[in-house]
Amino acid sequence: MNIHKKVNINRSSTYNIGVSSCLLGHAVRYDGGHKYNSLIVTELEKECTLIPFCPEVAIGMGVPRPPICLVTINNNLHAINKADKANFELDYTQQLSSQANKYLADNVRLHGYIFQEKSPSCGIASTKVYDNNGALVSTQGSGIFVKSMTFALPKIPVIEACDLNSRP
Ligand code: SF4
């Protein structure tokens with residue numbers, strides 16, 4: 001079954017909701033997989049215009065791709081190749097941050113965003129953060145894309161998919 005084809009995006013509704021593409025069944029994760037979320041696809045798409053977006057694909061990282069992770073360096077978060085945290089040529093921080101501004105410029109009438117949790121790009125407050133020796137320092141980091149987006153649009157309602165699923 002092609003899950004991607006099941007998503008019928010409603011272009012006539014009032015609310016424009018950004019969604020991490022993988023939640024709609026798009027195979028955009030680093031390993032070629034997705035995080036299909038039936039609640040979003042079967043319920044929310046009836047009421048909202050869903051705007052799928054994967055920041056890592058948008059910056060040209062490709063699928064599949066080497067996974068990235070968050071590393072704190074001099075009190076700043078960086079999105080760096082997970083297997084080679086010392087290689088700063090594989091630092092995607094600036095590209096992911098810039099992509100958030102570009103996304104907002106292209107989607108000026110955005111009413112909210114549903115993010116995939118635990119992602120170094122999309123996690124709101126659930127992503128692992130390491131120090132530059134590889135030690136885990138937090139499990140509540142914010143992904144680079146969402147961090148830049150909420151900095152630019154501090155009042156936009158955002159939620160992680162796991163919280164949506166747990167609502168009554
Ligand atoms: S969590 Fe974000 S960056 Fe990762 S695959 Fe999903 S949309 Fe792309």
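This is a predicted model: local features need pLDDT of at least 70, side-chain atom pairs count only at pLDDT 80 or more; totals for chains, interfaces and linings use all residues.
Two residues are in contact here if their C-beta atoms, placed from the backbone, lie within 7 Å. Residues are numbered from 1 along each chain as its sequence is written.

**Overall layout**

- The protein has six helices and eight strands; helices (H or I, at least four residues) and strands (E, at least two) are DSSP runs, numbered from the N terminus.
- Walk along the sequence and you get the pattern α-β-α-β-α-β-β-α-β-β-β-α-β-α.
- Of the 168 residues, 35% count as buried. Buried means that 20 or more other C-beta atoms lie within 10 Å of the residue's own, exposed means 12 or fewer, and partly exposed is in between, with C-beta atoms placed from the backbone.

- Helix 4 covers residues 93-106, which makes 14 residues. From first C-alpha to last it reaches 20 Å, close to the 20 Å expected at 1.5 Å a residue (the expected span is 1.5 Å times one less than the number of residues).
- Which residues of helix 4 are buried? They are Thr93, Leu96, Gln99, Ala100 and Tyr103.
- As a reminder, an α-helix has 3.6 residues a turn, so residues three or four places apart point the same way.
- Gln94, Lys102 and Ala105 are exposed on the other side of helix 4.
- The cover over the buried residues of helix 4 includes strand 2 (48-53), helix 3 (55-58), strand 4 (76-81) and helix 5 (144-152).

- The largest nonpolar core has 32 residues, and the ones touching the most other members are Val19, Leu23, Ile40, Ala79, Ile114 and Phe145. A nonpolar core is a set of buried Ala, Val, Leu, Ile, Met, Phe, Trp, Tyr and Cys residues joined through C-beta atoms within 7 Å.
- Two or more residues of this core come from each of strand 1 (15-20), helix 2 (38-47), strand 2, strand 3 (68-73), strand 4, helix 4, strand 5 (112-115) and helix 5.
- Helix 5 gives the most to this core, with four residues.
- In helix 5, the buried residues are Ile144, Phe145, Val146, Lys147, Ser148 and Met149. They pack against helix 3, strand 4, helix 4, strand 5 and strand 8 (158-160).
- Skipping residues up to four places away in sequence, Ile40 touches Val19, Leu23, Leu24, Ile114 and Ala161.

- Glu117 is in the loop between strand 5 and strand 6 (127-131) and is partly exposed, with 19 other C-beta atoms within 10 Å.
- Leaving aside neighbours within four places in sequence, Glu117 contacts Gly123, Ser126, Glu160, Ala161 and Cys162.
- Ile73 lies in strand 3 and counts as partly exposed because it has 14 C-beta neighbours inside 10 Å.
- Ile73 and Tyr130 are 57 residues apart along the chain, with their C-alpha atoms separated by 9.2 Å.

- The peptide bond from Val63 to Pro64 is cis, with omega near -10 degrees. Pro64 belongs to the loop between helix 3 and strand 3.
- Asn74, in the loop between strand 3 and strand 4, has a positive phi of about 50 degrees although it is not a glycine. Asn74 is exposed, with 6 other C-beta atoms within 10 Å.
- Asn75 is found in the loop between strand 3 and strand 4, and its phi is near 65 degrees, again positive in a residue other than glycine.
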